[in-house]
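Please look over the ligand site and the domain layout of this chain. My notes are below.

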Amino acid sequence: MRIGIVCYPTFGGSGVLATELGKALAQKGHMVHFITYQQPVRLNGFLPNIFYHEVQVPTYPLFDYPPYETALASTMVDVIKNNNLDLLHVHYAIPHASAAYMAKQILKKEGKHIPVVTTLHGTDITLVGRDKTYAPVVTFSINESDAITAVSHNLREETFKHFDITKEISVIMNFVDVSRFSRKPIDAFKKVIAPNKERILLHASNFRKIKRVQDVVKIFANVNKQIPSKLLFVGDGPERSTAEDLARELGVCDEIRFVGKQEQMEDILVIADLFLLTSEYESFGLAALEAMAAGVPVVSTNAGGLSEINVPGQTGYMSNVGDVEDMSRNAIAILKDDEVLQAFKDRAAAHAKQYDIHTIVPQYEELYEKFL
Ligand code: GMT
């Protein structure tokens, strides 16, 4: 198949998932064309049947807001026509689904039919998409897609709850390449982070308000009182300085490292003992699944789709949003004993296998085949 993939090229979960999907499809022999405004961060290395088309957005003195959506739709038309694409798969509804609708209508006039699959990821539905400045266009363009998928059952329900959707939404859960994440820890790296064999806790996100990173710091401060430990913060975003300030206030700054945005998550996750995810909402929590695949148990909130992947007492624990004390108790329960910790690690790694790339990617291929 010749497939066009449209996504955000950044470290966000939707971009990561879309890029990993494209790479997996290319490895299976499909021709995959990425259409984005920048090279996606996980699109590193060379694969013969992957193509990248950059969306150029020319500026003009009249434009306070250069019309990205128009540039995207025009690029879609160009790429679809010149590469004779069979299907367009857009990730994150805003503005990808409406740009795809526009491209589809233009191509229809020229006698070319292009099926559009829209995958809903999370905040496109639960936060940004619901805003009345976007909602009518989001609703319309989702309904105009030939197929709609959501990354969890929770997100499917949220979509029906908040939008007037007239079509079926299939759930295709997010996936992880288990073989890539099940690595041996690099000892030298572990020694730098935890020279006295402290436990390593880790949080990775885009540090947006919804992630509640201040809860991560509070949990760590509680854990650190009882168990010698270190905290790694991976990623960056608007709430980073809040986290840093709080760490200083709680006297744990020296035990915390902010390592910034990282591409090789597999090398970092594998040295961790516990992943903390304190979000107010997660449609799925791909970062938590990647942690589990690396054999790292997860202490998280029970928001959104997290309860679909984190199994209490098995792969980690879940608490209500903001219940820092409960999450601290759970973290300590997992970390305090070597044997207990190892059992959680083993179960987390085993659990992640059901979301392996080789199980989930065929579900997308099956969906695509319906339109060919
Ligand atoms: O808000 C983010 O964390 C980024 C966002 C995205 O779309 O880039 O992530 C969403 O999609 C991920 C991949 O499907 C999910 O794993 C995340 O749970 C989801 N984030 C939220 O729902 C907040």
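The points below cover the model, the domains and the ligand site.

1. This is a predicted model: local features need pLDDT of at least 70, side-chain atom pairs count only at pLDDT 80 or more, and totals for chains, interfaces and linings use all residues. Residues are numbered from 1 along each chain as its sequence is written, and side-chain values use heavy atoms, with hydrogens and water left out.

2. The chain is assigned domain 1 (2-175 + 357-369) and domain 2 (178-355); the bounds come from an automatic or database domain assignment. Their contact (heavy atoms within 4.5 Å) takes 25 residues from domain 1 and 20 residues from domain 2. Over C-alpha atoms, the domain centres are 30 Å apart.

3. The ligand lies between the two domains, because both give residues to the shell around it. There are 18 residues around the ligand, each with a heavy atom within 4 Å of it. Those that come nearest are His121, Asn174, Lys211, Glu282 and Leu286.

4. The protein covers 95% of the 480 Å² of accessible area that the ligand has on its own (Shrake-Rupley method, 1.4 Å probe).
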